[in-house]
Amino acid sequence: MLLTPRKSGASAAAPTSPFIHSLRRGLANALPTLDRRTFLRRSGIGVGVGLAASQLTLMRKATAADGAQPAIGAGKVEVRRTVCSHCSVGCASDAVVENGVWVRQEPVFDSPINLGSHCAKGAALREHGHGEFRLRYPMKLVNGKYERISWDTALQEVTDRIKALRDASGPDSVYWIGSSKHNNEQAYLLRKFVSFFGSNNCDHQARICHSTTVAGVANTWGYGAMTNSYNDMRNAKVALYIGSNAAEAHPVSMLHLLHAKERGCKVIVVDPRFTRTAAKSDEYVRIRSGSDIAFLFGILHHIFKNGWEDKKYLNDRVFGMAKVRDEVMAKWTPDKVEEACGVPEAQVLKVATWLNENRPGTIVWCMGQTQHTIGNAIVRASCILQLALGNVGKSGGGTNIFRGHDNVQGATDVGPNPDSLPSYYGLVEGSWRHFANVWGVEYDWIKSKFASPAMMTKPGITLSRWIDGVLEKNELIDQDSNLRGVVYWGHSPNSQTRGLEMKKAMDKLELLVVVDPYPSATAAMAAMPGAEVNPNRAVYLLPACTQFETSGSVTASNRSIQWREKVIEPLWESRPDHMIMYQFAQKLGFGSELVKNYKMQKVKGMDEPVPEDILREINRSCWAAGYTGQSPERLQAHMRNMGAFDVRTLKAKGPLKDKINGYDIGGDYFGLPWPCYGTPELKHPGSPNLYDTSKHVMDGGGNFRANFGVERDGQNLLAEDGSHSVGADITTGYPELDHLLLKKLGWWDELNDTEKKAAEGKNWKTDPSGGMIRVFMKNHGCHPFGNAKARAIVWNFPDPIPQHREPLYGNRPDLAAKYPTHNDVKTFWRLPTLYKSVQEKNIADKVAEKFPYILTSGRLVEYEGGGEETRSNPWLAELQQEMFIEINPKVAAGKGIRNGDRAWVHTPTGAKLNVQALVTERVGPDTVFMPFHFSGHWQGVDMLPYYPKGAAPIVRGEAINTATTYGYDIVTMMQETKSTICNVEKA
Amino acid sequence: QTAAQPPAAAPAGVQSQNIFEVKPEASAEPGYLDQTNGERNKVQPGNNAPMWRQVSGGVTGYSSLPLSEAPEAGNLIQRFVQYPGSRFTNAGEAWRQVRNDWLIPYGAALLFVTLLALAIFYFAKGPITLHSAETGRKIQRFTPFERATHWSNAIAFVTLALSGIVMAFGKFFMLPVMGSALFGWLTYGLKNVHNFMGPLFVVTTLFMIATFIRSNWPGKDDWQWLKKGGGLFGGTEPPSHRFNAGEKMVFWGGVLFLGSIVIGSGLYLDKLLPGVVYLRENMQIAHMIHAASTLLMMAMIMGHIYIGTLGMKGAYRAMRKGEVDETWAREHHKLWYDDIVAGKIPAQRSGSQPAARVSGAKGLST
Amino acid sequence: MARMKFVCDSERCIECNGCVTACKNENEVPWGVNRRRVVTLNDGVPGEKSISVACMHCSDAPCMAVCPVQCFYRTEEGVVLHDKDVCIGCGYCSYACPFGAPQFPSQGTFGMRGKMDKCTFCAGGPEANGSQAEFEKYGRNRLAEGKLPACAEMCSTKALIAGDGDVVAEIFRTRVVQRGKGAEVWGWGTAYGSKQAGNPPANGVTK
Ligand SMILES: Nc1nc2c(c(=O)[nH]1)N[C@H]1C(S)=C(S)[C@@H](COP(=O)(O)OP(=O)(O)OC[C@H]3O[C@@H](n4cnc5c(=O)[nH]c(N)nc54)[C@H](O)[C@@H]3O)O[C@H]1N2
Ligand SMILES: Nc1nc2c(c(=O)[nH]1)N[C@H]1C(S)=C(S)[C@@H](COP(=O)(O)OP(=O)(O)OC[C@H]3O[C@@H](n4cnc5c(=O)[nH]c(N)nc54)[C@H](O)[C@@H]3O)O[C@H]1N2
Ligand code: HEM
Ligand code: HEM
Ligand code: SF4
Ligand code: SF4
Ligand code: SF4
Ligand code: SF4
Ligand code: SF4
Ligand SMILES: [Mo]
């Protein structure tokens, strides 16, 4: 588009005489026009949304932190490339920094992921450079009020408290809640930190987000991640969105979908609500929340009935489909389907027909599937559908599982998980030894830190249940002490269910530490008077940096890893998370061990581990997930040369040498989507689409993983003859690579001597040289994790074939009788967990009569997660000022509720929420919906007095999770946030 | 607007599957025109004509902005309306047509013609003078309170009128001379003066009404006065009570009737009426009413001011000093004079005024 | 000379408000002033469409015609701008504008609105291009920097297109051809004139 600069056009009527001209100038100077400053001040009055006087500052708000305001264009201008820190799409953005102040935000048209696009949150990133409502310095709760303390005092007191807890009750008495907001380096360092502290009691958002996906999908075919990419959806001929509202939750992904749609891709949206995504669909299917298995198997029924399944594919690459088929044909006849999910046969058949006629087709899911007591089974049903259609491992197909937070994928891969070490290494001794080796510490030294060897290999408590770790009777829990201290390190409290009980748990703690740029939700909840507060409790708030005040790598949903440059120096007194971890570790006595492999750099005069070095350690340890090829140099070269990557394939046209570090990106896929196997020198290009046999393994191709043995019930679990990735020397199924296999194949001698030494007795995941991988992949085109079949039957799960089961709190006791939930589990992630006893009691108590509506929850495009951060951003906050509940007009009319009225929402926990009614057809008459991003009101009362001064978000509202109920996935402890029940009344 | 027809043959390679399953036109179907956008999208994906009809019909959609802050955010294009004098078009445009094509030019013409008429009248006939010599004896015509009321009202009015005129017409005759910055600042000032003076005018007008309503009560003789045109165009001035029919017309028609309209619409424009949501369309209507009524009122009051100053000798003094000469009273307000002489009305109604003397007045106090 | 225009493709717009916050960000627009906003019709039912709207920089701009102090002017690219030093905050432009584009920093009584603010097509105001004064009053002047409006550049789905009217029309036309239907362009008739502009939406005339 050709642009011509505008000539500075004066007003239509130019002044005529010189006198008038000078008078005009004089006036203009003497009486300054209403500028933005005045605007703000004016608008602050009468807005009534609590824009405090403090935020009347102007465009370069950040200068407030460090003084003078240089004139525009006068300073040194630099452009730093960063990545949106909100959702997992991973949109790149250029930050224009002038004299250290983030003055502008420019789109990165070169980014193949977002082509310059942003949703509301991404387009408002620069507000992070103002950070006006952030916590500015450490604070401590004293007599119900937060008081400022120094960092030194804070570090000393917090670590003293932690030490005291460890000494008195063992390391498992402290619970570490990490963050999907951390970059890979920080997430990884936190897992290392907790290990050195001697515990597995750590977790992060993935637990309450996609844990069921990760477990269910990984157990189906290998990795529990999005198989393809947003970009690859451009190749899809049909897209089935089931349980995803991408238009609000992953808005920029719609760029690719709508492109596909314009080229004929059919879009189907299956959701209890008519969402913004549904508005873009060719077919919208309304289902009852929690009934996805019925619907998915309903489709499968038609597919099998008509013989539409991909028979060769099933034979070659899938285990157990015949059994599934028998069950589906018998159990999920159209009448049963309609009864369970409410969708008539004709519509199910239509969807099945579209899926059959348009291949490759992709399926997209997100929280609508995962957040259920049967989440693990629902996601497997989705996988089974795609397997039956032969869509997995194909461009345009796959299971496009949209992850959540910006780095939830990375934090899942290498971060603080209670049941694994980074890169999905389980808690077995071998894994510990592998990491001890990379970390450069003795295995026994780590072991000595744990309460016992048994606790070292026992998965910790999950994030979703920490409150039970505090409140549950000690004899019922599977660790010595109850939890007595909790560290919220980049997580909100209002995102976990059972808010009323959480308040009790918080009050019972000895120690609560919040490390967060916006710790306010937790802070207010803790400071709010409670029924029974532990008199010895100490609460500390520590200001962390955002991701724009540090550098590091972040993994988008499509597994591409991007490098963020540091945009600005830490604002106020905030410190980067990895610096705080190091400072904690120093005080706790393992500082030097923690940073043994890292160089230090000075930030604000203090030592901080260099993020690149942490990444290099990840590269040296995380073989299993393929986090080894992504050296900082390669990633940085990708970021600087984004324009070279194709939007459809993500592949770089090369050769193209980076001007700064000389790395040639030619042939790489953008961000080296993991698995990027072997050492960086191997130059594996990353895997754009997983399990894609149409490509050579050295071009990102692959096949299903051999992770479940070679044979089951006499059936071959490895791929059949002729099914292998292009160019593989082994043309049939094979197990995963270890030294024995390599020797057996006679390829051992292709290793050099040092490699041999390192590889002896190891497998591909523990060989520190990467030599075996090199030989296997580069020389022979074989996949290090083997070549096997995907599993339609996951025999190690409670429901090997996915079973529909009703939620614990449902409004259909008739269906609960037919599809009852699981039996209670006595110890599960260290805690007793209830299923049947709750469901049966609810049915017996006729709870459904008192709470007749299904309550589901989800996202608004403007806010992220618990929302304190985004609700503190005035550009976003203005767009959603009220917590609301969506109610169908029929229901509303019956209750005399009009649009905009206040309403009380009651749930079986006894909680009541005061919210605004949004009367809308978006939901059907049996369902109500609430967004989950609000906090700051507690059952009708504004919590403002309990916030640390100056750090309350602009918009506050009831948190839905104050009212949500009990219920956890049978495999992963995912909380049930998508279907519970409630009643609504006019307030 | 009408959808452009898609080219007959789409370029190869980019056809959309959706499209070619669909008949190009489904307009033969019964109920085609009543389809909702959803129904239309089913048979003709991408054809959003029903939605565009809603848009130009002014249908208000959903906006996440709160109603309290942005009540009209959900409206894309203002509704189609036809204001008197405009075409049937969207409300903003219609209002513009009424204001720019009617109110401004004809309003200016009205004021100009009135001014011209008064000038012609003045030069042709000159001021109305007394036929007899002044007696030097004064009668109190307006108490200090009445005068204070009148003048505060008059000042407010003149300020409003002048500022209003600058707002409405300034850009034609002042802006070219002053330049936009100066004119802008001046108008900015005057606009704010206008906005604050308005409510003041409301108060003074209420006082005016209360003060003068009794003396303006219509009587039989007003009819006579009117029939003779007040004697303005020849003949003798018919007798009248304290106020003649012309003045009563100013009172009833100008102050009370037009005044109320001006005030009502002005208060609305000022956003001072409580419990009202101020929507653009209402503002447009209020504005048109305001502009039309103020123009009429200005024309009327121009006449009043003319008579009160240049047009009639002694009138201005009456309002300035509160007293008139006996002769003046006799010649212009015979019946009133008679009543005073008869003692029906006290010649002096306010205490502080020095004694007025009227010959032979029985009821006079000294 | 290029004639700047906006198009919002309702087939693509997903009401993500990216355009809205991009504008706030780039131009430091204060709370309460919405140079751009997104409207959804048929919300929650099939046929739902969203449209992002700001000043359309009309050819025969009603706002310009009613402004008592004539503070509007049109640039060579057809961008309708105004001079805040001159504006008296009377609100007439907002009554006249079909799209509700003019905004005021205050909703106050006594007609105290403050100076009008509206979308500048990211082309600043009468002050020197790129000056601090221009920025403070009108926001960035991206056109002078050879960039297009921030809202359109950042639109999450490329629904919102801005730029030379011919180019914009061409992009949109290509999409229409691909889809085979739906050539209605949001607001163009009203903003830029067509044989139908300002005419009633006769029932049945549009298909
Ligand atoms: N704007 C914004 N974007 C975000 C986030 C955010 O907070 N704000 N968070 C990020 C994170 S952490 C995540 S995990 C993702 C989540 O992204 P999504 O999962 O897409 O978002 P949700 O709104 O939670 O849920 C999606 C849909 O599931 C539907 N649903 C509810 N119950 C069921 C059911 O039983 N079956 C089916 N099929 N559908 C159901 C809901 O109606 C909802 O429309 O978004 C990411 N992106
Ligand atoms: N009812 C209901 N509940 C839900 C859901 C639902 O759909 N319905 N969705 C669930 C899902 S999918 C998720 S992922 C969770 C999300 O819920 P949370 O992840 O708890 O929500 P956020 O508020 O995004 O939390 C992130 C925190 O990290 C902080 N932070 C940001 N950057 C940094 C950083 O660099 N360092 C540190 N230390 N902190 C940082 C932010 O300020 C914020 O406080 O909510 C879950 N809860
Ligand atoms: C009685 C004498 C009055 C006269 C002669 C008068 C005249 C005018 C005129 C000519 C305009 C400009 C119209 C245009 O430009 O199109 C105007 C506007 C306006 N008037 Fe009056 N008016 C009077 C009284 C009032 C009163 C009593 C109020 C309020 C209580 C008021 C409030 C307004 C307002 C709010 C505007 C809109 C312009 C703005 O907001 O600045 N006016 N008036
Ligand atoms: C500068 C402007 C004005 C001048 C010089 C003026 C002059 C006068 C004079 C001289 C009188 C006395 C007439 C008599 O003695 O009978 C009078 C009466 C009166 N004036 Fe004015 N006037 C002015 C403005 C106004 C305005 C703005 C209003 C109302 C909107 C008004 C309303 C009245 C009324 C109500 C009376 C009492 C007689 C009646 O009811 O008509 N005047 N004025
Ligand atoms: S929130 Fe997600 S879609 Fe929006 S700009 Fe950020 S990364 Fe992109
Ligand atoms: S959209 Fe409104 S403000 Fe913009 S030029 Fe047109 S009439 Fe004026
Ligand atoms: S508010 Fe300002 S720009 Fe709008 S019409 Fe009035 S003076 Fe002109
Ligand atoms: S063109 Fe610029 S000023 Fe106008 S809405 Fe877009 S970003 Fe805002
Ligand atoms: S950014 Fe684009 S898609 Fe999002 S609301 Fe604006 S115009 Fe629509
Ligand atoms: Mo999530």
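## Charge pairs and cysteines

C782(A) is buried, at a relative accessible area of 0%. This is a predicted model. Over all chains, it holds 85 salt bridges and zero disulfides.

**Cysteines**

- A search of the whole structure turns up zero disulfides.
- C265(A) takes part in no disulfide. Its nearest cysteine sulfur belongs to C366(A), 18 Å away.
- C265(A) is buried, with a relative accessibility of 1%.
- C782(A) is likewise in no disulfide. The nearest cysteine sulfur is that of C676(A), at 18 Å.
- C782(A) counts as buried because its relative accessible area of 0% falls under the 20% cut-off.

**Salt bridges within chain A**

- D406(A) and K181(A) form a salt bridge, with 3.9 Å from N to O. The pair counts because the cut-off is 4 Å.
- D406(A) sits in the loop between strand 13 (399-401) and helix 17 (408-414) of chain A. K181(A) sits in the loop between strand 6 (174-177) and helix 6 (184-197) of chain A.
- E283(A) pairs with K350(A) in a salt bridge, the closest N and O atoms lying 2.8 Å apart.
- E283(A) belongs to strand 10 (residues 283-285) of chain A, and K350(A) to helix 14 (residues 345-357) of chain A, so this pair links parts 67 residues apart in sequence.
- E283(A) is buried, at 6% relative accessible area. K350(A) is partly exposed, at 32%.

**Salt bridge between chains A and C**

- K147(C) and E106(A) form a salt bridge, with 2.9 Å between the closest N and O atoms.
- This pair crosses between chains. K147(C) lies in the loop between helix 4 (132-138) and helix 5 (150-154) of chain C. E106(A) lies in strand 3 (residues 101-107) of chain A.
- K147(C) is partly exposed, at 25% relative accessible area. E106(A) is buried, at 11%.
- Both residues belong to one network of salt bridges that share partners. Its members are R104(A), E106(A), E26(C), R142(C), E145(C), K147(C) and E153(C).

Conventions:
Residues numbered from 1 in each chain as written. Chains lettered and ligands numbered in written order. Predicted model: local features only at pLDDT ≥ 70, side-chain atom pairs only at ≥ 80, totals over all residues. Heavy atoms only, no water. Salt bridge = Lys/Arg side-chain N within 4 Å of Asp/Glu carboxyl O. Helix = DSSP H or I, 4+ residues; strand = E, 2+ residues; numbered from the N terminus. Buried < 20%, exposed > 50% of the residue type's maximum accessible area, 1.4 Å probe, protein only. Disulfide = S-S within 2.5 Å.
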